[in-house]
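My notes follow in the order I looked things up.

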Amino acid sequence: SGGQLCWGNASLISFLIQRVKVFLRQPTVGANDGAKIISISNNDAFRPTWCTRASDATIIAEEGSPMGPLLRAVNAVADAIAGEFPDVAISTLAYQHTMKPPRVTVPRPNVIVRLCVGYNSSYLQTDSSNSVFSSDLLTWSRISQRIYIWDYTADFSDFGYMTPYPSWSSLGPNI
C-alpha cells in the first residue's frame, strides 16, 4: 500500500507496544535517559496512500479518515505504557492522508497530535485557500488535549530547499 503500515493489524500493535517498552526500559536510552516523547506515525508519501486491507478499511469507513486506524494503534501503545511511564507521551503525525480527524476515536491524554502544515503558509491560516487545514485544526482542537504544529519554513520549489521561504508576513499571525 505505497509503503504505509496496516495500523489495524493486531500483531503490529502488539509489536509496537513491545518495542516501545523495550526502548523505554533501556538504562542508557529511553525514559531513563530523559525521553519524554516517542513518535509513531505514518510514512511520508507524495501521493495519498493507506492500507486497504479489510481491518483498516473497516476502521476508515467508521472513522471517515485514514487517521482512524493509526490513532487507534497509537492510543493502544499510549494505554500500554501509561502506568509504567506516566511522563512519556506518544506523538503521531496528522499529515497528508491522516490530516483529517477521525469521527469516533479521540487521542488519549498522553498522545500528541502533530499537525504537519497542510496549508499555504505564505498566506494566513484564515485565508480561504487554507480553509481545509483551518477546519481540520479546529476539529483536532476540540478532541485533542495536546496539539503540536510542524511548520515547514523551507522552499520546496525548484529554486532550492535552502532558499528563503516567503512566509515572514504570515508566520507570526499564524502562530
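**Entry 1: helix 2.** I began just past the end of helix 2, where Gly64 takes a positive phi of about 75°. Helices here are DSSP runs of H or I with at least four residues, strands are runs of E with at least two, and both are numbered from the N terminus. The model is predicted: local features need pLDDT of at least 70, side-chain atom pairs count only at pLDDT 80 or more, and totals for chains, interfaces and linings use all residues. Residues are numbered from 1 along each chain as its sequence is written, and side-chain values use heavy atoms, with hydrogens and water left out.

Next I asked which residues of helix 2 are buried. In helix 2 (residues 54–63) they are Asp56, Ile59, Ile60 and Glu63. Buried means under 20% relative accessible area, exposed over 50%, and partly exposed in between (1.4 Å probe, protein chains only). The four cover an arc of only 100° around the axis, so they sit on the same side of helix 2. That arc is taken from the directions from the helix axis to the C-beta atoms. Ala54, Thr58 and Ala61 are exposed, on the face turned away from the buried side. Helix 3 is part of what covers the buried residues.

Entry 2: Two strands pair if DSSP finds at least two bridges between them. Strands 1 and 2 share 3 bridges, and Ile37 has Ala89 of strand 2 as its bridge partner. Strand 3 (residues 111–116) is joined to strand 4 (residues 147–150) by 4 bridges. There, Val113 stands opposite Ile147 of strand 4.

**Entry 3: the core.** I looked up the largest nonpolar core and found 29 residues. Such a core is a set of buried Ala, Val, Leu, Ile, Met, Phe, Trp, Tyr and Cys residues joined through side-chain atoms within 4.5 Å. Ile40 and Ile90 have the most contacts inside this core. Helix 3 gives the largest share, 8 residues.

What does Ile90 contact, leaving aside neighbours within four places in sequence? I noted Ile38, Ile40, Val74, Val77, Ala78, Ile81, Asn110, Val111 and Ile112. Contact means heavy atoms within 4.5 Å. In general, nonpolar side chains tend to be buried together in soluble globular proteins.
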